[in-house]
Amino acid sequence: MLPADHPTIPAPRIGVLLINLGTPDSADTRAVRRYLAEFLSDRRVVELPRIAWQPILRGIVLTTRPKKSAHAYQQVWSEAGSPLAAVTRAQAAALKDAFGDGVLVDWAMRYGNPAIADRLAAMKAAGCERILLAPLYPQYCAATTATANDKAFAALAQWRWQPAIRTLPPYHDDPAYIAALAARVSEGLDTLDFAPDALIASFHGMPQRTLERGDPYHCHCQKTARLLGDALRERLAGRPLTVAFQSRFGSAKWLGPATDTTLEAMPGQGVRKVAVVAPGFSADCLETLEELAIRGRESFLGAGGTHFAYLPCLNDSPQGVDMLRTILSRELEGWVTRV
């Protein structure tokens, strides 16, 4: 029996926190500058000595890049706001009742809002004594998966009474993920009024040094592409699945081949019709909707291509939600009965 003046204790619950990269609060230059300052100050994202990088960041980068990035965001912004936030919100909503009454599903962004620390605090207040952190990055990279977990752990380090924590492993080769990707790509191909000469799997780029320092990201991307190609073998009927990497930044050598140069070269090689898919993104965002679907199209058609299509990410599609339910249920085993 609790004393009369004892604080109210909520019923024990389990939390699942979906985590994605982040987004500015709006598509104006000031909000984008604030977002980029946080993003590009992360030492896992830019692995340069802080004393050397910060003057560059606070000088030329945050002086010139926000206006350009804000224009890009304006091309894909909607009434629902940032596409990445809208899709991640929808994914959490679709999983709301997926694991039973005692499981709370929420979402957060590594950079920007809703902040990881705030959503963890809300879960704690709601009675979550066990929390599964779920960074939605199929391929592991220190600059994505690790930094999302870092941010959560930093928040938890301030708490006296911490919940039990699990983290979602990378799922780049998970059969459920590959099957969902293959189904989504096939569905996308069915909507086209042309047959692509080639399919490009475009992954987010990373500096070459991440591979040299032992990061498994490049290998994870290659394995995803190989397994996806195997799953689509009959559908592709001998047409190639080409791996490329997008979103280069700065002067350092990045993983290649680059998506933009690949698209520009293909028409000269006889590839006039192309479809692009982004298997490394769990949700459509600036990098897919503006960089690929808009600028990628312009580059390909400008180089002599005749037909271009960008195929959507898994997003909150039935295939995507079923896949998330499957892999999250697996990580919740022992905490909840699989539903």
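**Close-up views of a predicted model**

View 1. Ser-78 and Thr-29 are separated by 49 residues in sequence, and their C-alpha atoms are 17 Å apart in space.

**View 2. The crossing of helices α1 and α2.** Helix α1 (residues 29-39) and helix α2 (residues 50-76) have axes that come within 8 Å and cross at roughly 125°, which makes α1 oblique to α2. The crossing of these two helices is right-handed.

**View 3. Residues in the contact of α1 with α2.** From α1, Thr-29, Val-32, Arg-33, Tyr-35, Leu-36 and Ala-37 meet a set of residues in α2 that comprises Leu-57, Arg-58, Leu-62, Arg-65, Pro-66, Lys-67, Ser-69, Ala-70 and Tyr-73. The residues of this contact divide into nine nonpolar, two polar and four charged.

View 4. Helix α11 (residues 286-302) has a kink of about 35° that is centred on Gly-296, and Gly-296 is itself among the buried residues of α11, together with Leu-286, Glu-287, Thr-288, Glu-290, Glu-291, Leu-292 and Phe-300. The elements that cover these buried residues include α2, α10 (259-265) and the strands β5 (198-204), β6 (241-246), β7 (273-277) and β8 (307-310). Gly-304, which follows α11, has a positive phi, near 115°.

Definitions and conventions. Residues numbered from 1 in each chain as written. Predicted model: local features only at pLDDT ≥ 70, side-chain atom pairs only at ≥ 80, totals over all residues. Heavy atoms only, no water. Axes fitted to C-alpha atoms, helices over the stretch in contact; angles between N-to-C directions. Helix = DSSP H or I, 4+ residues; strand = E, 2+ residues; numbered from the N terminus. Parallel < 35°, antiparallel > 145°, perpendicular 65-115°, else oblique. Left-handed = near helix turned anticlockwise from the far one by under 90°. Contact = heavy atoms within 4.5 Å. Nonpolar A, V, L, I, M, F, W, Y, C, P; charged D, E, K, R; others polar. Bend = angle between axes of the 7 residues up to and from the residue. Buried < 20%, exposed > 50% of the residue type's maximum accessible area, 1.4 Å probe, protein only.
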